[in-house]
Amino acid sequence: MALHPEIAKIVANLPAPPPGPIDPAVLRAGEEAMVPPPEERLPLLAVEDLTAQTPAGEVPVRIYTPVQADSYGLLVYFHGGAFFLGSLDTHDHVARSLAKETGLKVVSVGYRRAPEAAFPAGLEDCYGVVRWAAENGDSLGWDASTLAIAGDSSGGTFAAAVAAMAHDEGFDRITHQVLFYPSLDLDFDVDRYASLRENAQGYGLETAGLKPFNAFYIDSGADPADPRVSPIKREDLSGLPPALIVTAEHDPLRDEGELYGRRLREAGVDATVSRYAGANHGFVQNFSWIPDYYRTFEDTAAFLGRR
């Protein structure tokens, strides 16, 4: 179907990018300026900022408790932003909705970003927080059952990479992985997937913008041939946790996410791929106020309810 009319109206009025090189500080400030004040956010039982002590160092985290309960499953969430944008605040509404709809306690990770932090700093922060959550389960009220990980866009990259790192290190407590329109192949060959040409222009994220927006991460030492950077390049996907991969019809990254789902299934992993019609890249963060796309959180809850 065509781009959802509400999304189309906004995409049609997006300003042209400023001339010259991308300035992370300017883009970050623009994002933060759009964050609503706390009193206008989805209410939950409790939201608390903490610091996770990990082998990678101290990592800021935000803990979302949806309701009063004796114990909770945990969902560790990694925000998107091309590895240099996004924060606990810009994706606060995503974490709140995940907590509300899943009933899980959500741990959102304020990982280090490029270009200030070289690869693999952000990835190590994400993995370290997952291990920290399991090791501090008593203080978090963890039920010692569900330990899910989730991420959108580049956060989905981190989620896929963290699942593989955990498997390789013998850490088998991760029960689910949820990847919202993930970036899984950072080699930037426009002929690698049909969606890179089909959705190249006019839908928000454009194919021509992938290389410059990811350049901060690549230039920090992230090698696109490394499966930690491009998880789809991992040869053996067997033994990974069950996966939900959410893709958007009008996203240049659509086909790599769907291919990853097929490869997971071929490796014997329980993998569900769900394509959202009329959606573009970033719709969970930007357009979940549209009922058709808020459903993503409900579908995530249904997936996480499976064991």
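Me: In this predicted model, are Phe119 and Tyr217 buried or exposed, and what makes Tyr217 count that way?

Reply: Phe119 and Tyr217 are both buried. For Tyr217 the relative accessibility is 5%, and since the term buried applies under 20%, Tyr217 counts as buried.

Me: Why is the pair of Phe119 and Tyr217 called edge-to-face?

Reply: The ring centres of Phe119 and Tyr217 lie 5.8 Å apart, with the planes at 80°; because rings pair when their centres are within 6.5 Å, and planes over 60 degrees apart count as edge-to-face, the pair is edge-to-face.

Me: What makes this a pair that ties together separate parts of the chain?

Reply: Phe119 sits in the loop between strand 4 (105-109) and helix 4 (121-135), whereas Tyr217 belongs to helix 8 (residues 207-219), so the parts tied together are 98 residues apart in sequence.

Me: How do you know that Phe158 and Tyr217 form an aromatic pair?

Reply: Their rings are 6.3 Å apart centre to centre, which falls within the 6.5 Å limit, and the angle of 80° between the planes makes this pair edge-to-face as well. Phe158 lies in helix 6 and Tyr217 in helix 8, so this pair ties together parts that are 59 residues apart in sequence.

Me: Why does Phe158 count as buried?

Reply: Its relative accessibility is 2%, and because buried means under 20%, Phe158 counts as buried.

Note on methods:
Residues numbered from 1 in each chain as written. Predicted model: local features only at pLDDT ≥ 70, side-chain atom pairs only at ≥ 80, totals over all residues. Heavy atoms only, no water. Phe/Tyr/Trp six-rings, centres within 6.5 Å; stacked < 30°, edge-to-face > 60°. Helix = DSSP H or I, 4+ residues; strand = E, 2+ residues; numbered from the N terminus. Buried < 20%, exposed > 50% of the residue type's maximum accessible area, 1.4 Å probe, protein only.
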